[in-house]
Amino acid sequence: MNYFLIDGYNLGFRCFYAMPDLSRSDGFPTGALHAFFASLLKLSCMDTPHNTAVFFDKGGSKRHLEIYPEYKANRSSPPDNFRRQLPSMKYLCEIFGMESVEREGIEADDLIAGSALKIKRDGGNATIVSADKDFAQLVSPHIRQLLPPKPRQKEWTELDAIGVKTKFGVDPKQIPDFLALVGDASDNIPGIEGIGPKTAAKWLKDFGDLPSIIRRYDWLKPEKFRAIVRDSRDMLERNLELVRLEPFDDVPLPASNTPNFGELINFLEEMEMKKSLSALRKFAREQFQTEI
């Protein structure tokens, strides 16, 4: 069985920033909804049949904040026009037949990791839909990552183990070590200043993992980083805890659900999304052999 696990906030934000400030006649913003609907439609046509769940953060990550109180502290509040559209995005997932999943104090990444590994154990295939590089550590037989298109592009990019190695220069299992070294500015995780992706990948090729790099710091090249790595041990070990996913297992696998075409029509008409309505009718004909 195929399963799609969608990182809801990640996809939603990308849709918001990819679109102009469109709005309904009464001024309600709809730009992100146009792109979000198109993304759900596109994903619904891939690798059919498949079951789908969409994951959202709720209340911040208790685990991460206990390790590092400054985790994601650099992020400002979401734009008001995004926040206004978010409930409608979640409702779209519901009427599309996609289960919405969130747990208080648990990051969506850990929820997705738990679901993906459970699917793999059960012999299924999991596709993680997100641009978040943390998920590359899960890529393996039966688990792949699907990156949404970049602005002004249409193609989604699949990452298997070879794709991860091509993109980052390391194997999937080395992604946490890689991110601990280079840091992750989007999550306010500082790496070692001056250590870029190429140097981190070279060290991991030579030494295998972060503990070995720390232990053998006096072998590192360039030599100027030897004392820096030695003195940064605590920070690096903390970073490794932050970027390593901690799978949360207590999430039921998504069930098979059919889109509620009546509710979808009502929603698109209410939002004055005429092109999306035409796309939905085409989708219903081609995927379900039904006229709506």
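**Figure 1. Pro254 in the loop between helix 11 and helix 12.** In this predicted model, Pro254 sits in the loop that runs between helix 11 (233-243) and helix 12. The residue counts as buried, because its relative accessibility is 4%, and buried here means under 20%. Leaving aside neighbours within four places in sequence, Pro254 is in contact with Tyr3, Asn51, Thr52, Ala53 and Glu99. Its C-alpha atom is separated by 18 Å from that of Glu107, a residue 147 places away along the chain.

**Figure 2. Glu107 and its surroundings.** Glu107 belongs to the loop between strand 3 (99-101) and helix 5 (108-121), and with a relative accessible area of 5% this residue is buried. Its side chain makes a polar contact with the side chain of Tyr71, at 2.9 Å. Tyr71 is also one of the residues in contact with Glu107 once neighbours within four places in sequence are set aside, and the others in that list are Asp57, Ser61, His64 and Lys72.

Figure 3. The loop between helix 2 (31-44) and strand 2 (50-55) holds Pro49, and the peptide bond that joins Thr48 and Pro49 is cis, with omega at about -5°. Asp47 lies in the loop between helix 2 and strand 2 as well. Although Asp47 is not a glycine, it has a positive phi of about 45°.

**Figure 4. The cis peptide bond between Lys221 and Pro222.** Where does Pro222 lie in the chain? Pro222 is placed in the loop between helix 9 (210-215) and helix 10 (226-231). The bond that joins Lys221 and Pro222 is a cis peptide bond, for which omega is about 0°.

**Figure 5. Gln137 and His142 in the loop between strand 4 and strand 5.** Gln137 is found in the loop between strand 4 and strand 5, and His142 is placed in the loop between strand 4 (125-129) and strand 5 (143-147). Is Gln137 buried or exposed? Gln137 counts as buried, at a relative accessibility of 16%, whereas His142 is partly exposed, with a relative accessible area of 39%. The side chain of Gln137 reaches the backbone nitrogen of Leu245 at 3.1 Å. With neighbours within four places in sequence left aside, the residues in contact with Gln137 are Pro172, Ile175, Pro176, Val243, Arg244 and Leu245. His142, for its part, has a positive phi of about 85°, although it is not a glycine.

**Figure 6. Pro149 in the loop between strand 5 and strand 6.** Pro149 is located in the loop between strand 5 and strand 6 (157-159). Which residues touch Pro149, apart from its neighbours within four places in sequence? Those in contact with Pro149 are Arg14, Lys154, Glu155 and Trp156. Pro149 and Cys15 are 134 residues apart in sequence, while their C-alpha atoms are 9.8 Å apart in space.

**Figure 7. Asn266 in helix 12.** Asn266 is part of helix 12, which covers residues 261-270. This residue is partly exposed, with a relative accessible area of 42%. From Asn266 to Leu179, C-alpha to C-alpha, the distance in space is 44 Å, and the two residues are 87 places apart in sequence.

**Figure 8. The whole chain, as a setting for the close-up views.** The chain contains 13 helices and eight strands. Its radius of gyration is 21 Å, close to the 19 Å that the globule rule gives for 292 residues, so the chain is as compact as a globular protein of that length. Along the principal axes, the C-alpha atoms fill a box of roughly 70 × 40 × 35 Å. Of the 292 residues, 48% are buried, and the accessible surface comes to about 14,600 Å², with 48% of that area belonging to carbon and sulfur atoms. When contacts between residues at least 6 apart in sequence are considered, 70% of them join residues at least 24 apart. The side chains include 40 positive and 43 negative ones, and the centres of these two sets lie 6 Å apart.

Terms used:
Residues numbered from 1 in each chain as written. Predicted model: local features only at pLDDT ≥ 70, side-chain atom pairs only at ≥ 80, totals over all residues. Heavy atoms only, no water. Helix = DSSP H or I, 4+ residues; strand = E, 2+ residues; numbered from the N terminus. Rg over C-alpha atoms; globule rule 2.2 N^0.38 Å. Buried < 20%, exposed > 50% of the residue type's maximum accessible area, 1.4 Å probe, protein only. Contact = heavy atoms within 4.5 Å. Areas by Shrake-Rupley, 256 points an atom, 1.4 Å probe, with all protein chains shown as cover. Lys, Arg positive; Asp, Glu negative; His and termini not counted. Charge placed at Lys NZ, Arg CZ, Asp CG, Glu CD. Polar contact = N/O pair within 3.5 Å; in protein donor to acceptor, adjacent residues only side chain to side chain.
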